[in-house]
Amino acid sequence: MDKPVVIRKGEEELLFDAQQIAAMETRAIEFRDVAVNNLTLVPGGRLAPGVHDDKLEVVTPVALGDTQGPIVRYTDDEGGYDIELASYDSIVIPRGVKHAAENLCDCTVALFITNFSYRD
């Protein structure tokens, strides 16, 4: 996988499962840990571009308030991709892919981050 992939949350569906993520990646991966970032993505907030060389990351944004439509935009800031996510959608970001996040809504957004290690 060389670009992020989006998993749209449907009615009464699981967010995602590890087998689904493993099927998207050509390299072998295994679950590593889960983290929550709910301090920095305030209304109008932005996370600076970053790259992870050691993991595949699945980010699920959740609005901590009442809102409709897209709540977060992920981009590489270079025109390679521009993806808007609603609450409970997920973005799968493989290692080595530049990514930045921007809050599009009027409330704080928590980012639930599920990390997978590469076995190679």
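The largest nonpolar core has 18 residues. A nonpolar core here is a set of buried Ala, Val, Leu, Ile, Met, Phe, Trp, Tyr and Cys residues joined through side-chain atoms within 4.5 Å. Buried means under 20% relative accessible area, exposed over 50%, partly exposed in between (1.4 Å probe, protein chains only). The model is predicted: local features need pLDDT of at least 70, side-chain atom pairs count only at pLDDT 80 or more, and totals for chains, interfaces and linings use all residues. Residues are numbered from 1 along each chain as its sequence is written, and side-chain values use heavy atoms, with hydrogens and water left out.

**Cores**
- Val59, Val72, Tyr74, Ile91, Val109 and Leu111 have the most contacts inside the largest core.
- Strands S4 (55–63), S5 (72–75), S6 (82–85), S7 (90–93) and S9 (109–118) each supply at least two of its residues. Strands are DSSP E runs of at least two residues, numbered from the N terminus.
- S9 gives the largest share, 3 residues.
- A second, separate core has 10 residues, including Met1, Phe16, Ile29 and Leu56.

**Leu111**
- Leu111 touches Ala35, Val36, Asn37, Leu41, Leu47, Val59, Thr60, Pro61 and Tyr74, not counting residues up to four places away in sequence. Contact means heavy atoms within 4.5 Å.

**Rings**
- The count comes to 1 aromatic pair (Phe, Tyr or Trp six-membered ring centres within 6.5 Å).
- Phe31 and Phe116 form this pair, edge-to-face (planes over 60 degrees apart), at 6.2 Å centre to centre and 80 degrees between the planes.
- Phe31 lies in strand S2 (residues 29–37) and Phe116 in S9, 85 residues apart.
- Phe116 counts as buried because its relative accessibility is 3%.
- Arg95 lies over the face of Tyr118, 4.0 Å from the ring centre. The cut-offs are Arg CZ or Lys NZ within 6 Å of the ring centre and within 35 degrees of the ring normal.

Key
Helices (H or I, at least four residues) and strands (E, at least two) are DSSP runs, numbered from the N terminus. Rings of Phe, Tyr and Trp (its six-membered ring) pair if their centres lie within 6.5 Å; planes under 30 degrees apart count as stacked, over 60 as edge-to-face and the rest as tilted.
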